[in-house]
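Please open the structure in your viewer and keep the selection panel at hand.

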Amino acid sequence: MMQLRDFLKDITAREGLSGDEGAVAARIAQAFEPYVDKVRITPLYDVIATVGTKGPKVMIAAHEDEIGLMALDIEDDGSIRVARVGGVDPRILPAAEVRVMAKDGPLFGVIGAKPPHLLTDADRKKSPKIENMYVDTGFDAETVRKLVRPGDRIALTGSATELKNNVMASKTMDDRACVGAMLEAAKWLGRMNVSSRVQFVATSQEEVGSYGAMTACWAGEPDYAIALDVTHAEMPGCEKWEVHPIDKLAICTGPNINPELERRIRKTAEINRVEYSVEASSGTTYTDADPMQISREGVPTALISVPVRYMHTTVETLDTGVIEEAGRLLALAIRDIADEREAIKWY
């Protein structure tokens with residue numbers, strides 16, 4: 001049985017930019033196989049792991065894709081001009097190491113920056129811009145043009161680092177840490193007698209529009225759904241109202257969240273002593289919850305969030321104990337809703 005930290009180290013190290021998640025999807029499917037009845041990968045690279053054959057249908061979703069870059073063109077000096085895939089912050093790119101997913105295999109490169117000795121006063125006042133950044137592989141232009149095509153994905157690199165107090169930092173904790181929470185929930189359900197038909201879905205393309213969640217929810221026809229994603233944890237320079245404690249999960253509330261489902265999840269958390277904070281979202285959540293709730297004629301949907309420091313960097317930092325608690329809460333909430341399904345009125 002793979003332990004959570006080992007899974008996180010493994011899965012966060014793999015490349016899987018939006019629209020090109022095939023390799024990471026295959027590994028996630030393999031990880032779920034021992035704990036579920038059936039696993040399949042869709043043409044959009046969603047991984048759907050199914051447990052149970054009777055009771056209410058529930059879809060649990062956490063996205064597997066990651067942000068990164070894409071090759072646009074090869075300059076005459078051999079450097080690769082890039083564009084963003086998802087919400088990459090240009091400030092984190094200077095001095096970054098990358099892997100170009102070239103046709104003949106990964107090609108290592110770096111993103112350099114003009115040294116401070118050569119900056120003018122005007123340069124120092126400018127914010128970094130993606131159009132001024134290039135990948136340097138060391139090859140000349142002729143060689144690079146043979147290896148790299150416009151459209152090739154470029155992944156940021158960075159291995160997982162264990163810090164103190166159950167804290168871990170890595171790239172792609174957003175949102176593969178929440179895929180880990182779904183895996184923990186599947187383990188819990190294997191030890192419980194729950195009358196539910198559960199689809200754990202590692203969704204594709206969330207960072208560019210949540211298209212994997214949209215198609216999976218339409219096809220799966222769940223009675224209700226829960227999305228898992230990250231939110232901002234307490235960190236230096238942030239106001240208290242902007243962030244959440246890193247050592248407890250957050251349950252979202254707002255107009256895009258079904259109030260009855262939210263109430264039941266919070267009740268289950270309180271009965272079972274799962275600590276949580278409240279994440280107030282006054283409109284769009286910018287997660288898979290948004291398209292899931294408007295699938296077909298509407299699906300009661302909730303959102304559970306894992307606080308992460310330094311989101312959309314290569315050192316996204318979280319408390320692994322929160323991932324375990326999120327998995328436990330998911331399994332308990334699915335059980336409680338199944339037990340009380342005859343009395344539930346979603347509207």
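Partly exposed denotes a relative accessible area between the buried class, under 20%, and the exposed class, over 50%. The model is a predicted one.

**Stop 1**

Select Met214, a residue of helix α6, which spans residues 211-220. Its relative accessible area is 37%, so Met214 is classed as partly exposed.

**Stop 2**

Move to helix α1, residues 4-12, where Leu4, Phe7, Leu8, Asp10, Ile11 and Thr12 are buried. Which elements cover these residues of α1? The cover includes α2 (22-32), β11 (167-170), α5 (173-190) and α9. In general, residues three or four places apart in an α-helix point the same way, because there are 3.6 residues a turn.

**Stop 2: a helix pair**

The next selection consists of two helices. A packed pair is described by the angle between the axes and the distance between them. Display helix α7 (residues 259-271) together with helix α9 (residues 320-339); they pack at an angle of about 115 degrees, and their axes are 9 Å apart. The crossing of α7 past α9 is right-handed. On the α7 side, the contact is made by Leu261, Arg264, Ile265, Thr268 and Ala269, and on the α9 side by Leu329, Leu332, Ala333, Asp336 and Ile337.

**Stop 3: after α9**

Continue to Arg341, in the segment after α9. With a relative accessible area of 39%, Arg341 is partly exposed. Leaving aside residues up to four places away in sequence, Arg341 touches Pro56 and Ser195.

Now select Ser196, in the loop between α5 and β12 (197-203). Is Ser196 buried or exposed? Its relative accessibility is 3%, and therefore Ser196 counts as buried. With residues up to four places away in sequence again set aside, Ser196 touches Val51, Gly52, Thr53, Lys54, Gly55 and Pro56, as well as Ile334 and Ala338.

**Stop 4: backbone geometry**

Most residues other than glycine have a negative phi, and most peptide bonds are trans. Select Asp174 and Asp175: the peptide bond that joins them is cis, with omega about 10 degrees. Asp175 belongs to helix α5.

Next, select Asn166, in the loop between β10 (161-162) and β11. Phi of Asn166 is positive, near 70 degrees, in a residue other than glycine. The relative accessibility of Asn166 is 42%, which places it among the partly exposed residues.

Then go to Tyr310, in the loop between β16 and β17 (316-319). Tyr310 is not a glycine, yet its phi is positive, at about 60 degrees. Tyr310 is partly exposed, with a relative accessible area of 34%.

**Stop 5: a loop glycine**

Finish at Gly298, in the loop between α8 (289-293) and β16 (301-308). Gly298 has a relative accessible area of 32% and is partly exposed. How far apart in space are Gly298 and Glu142? From C-alpha to C-alpha they are 53 Å apart, with 156 residues of separation in sequence.

Technical notes: Residues are numbered from 1 along each chain as its sequence is written. This is a predicted model: local features need pLDDT of at least 70, side-chain atom pairs count only at pLDDT 80 or more; totals for chains, interfaces and linings use all residues. Side-chain values use heavy atoms; hydrogens and water are left out. Helices (H or I, at least four residues) and strands (E, at least two) are DSSP runs, numbered from the N terminus. Buried means under 20% relative accessible area, exposed over 50%, partly exposed in between (1.4 Å probe, protein chains only). Axes are lines fitted to C-alpha atoms, for helices over the stretch in contact, and angles run from 0 to 180 degrees between N-to-C directions. A crossing is left-handed if the near helix is turned anticlockwise from the far one by less than a right angle, and right-handed if clockwise. Contact means heavy atoms within 4.5 Å.
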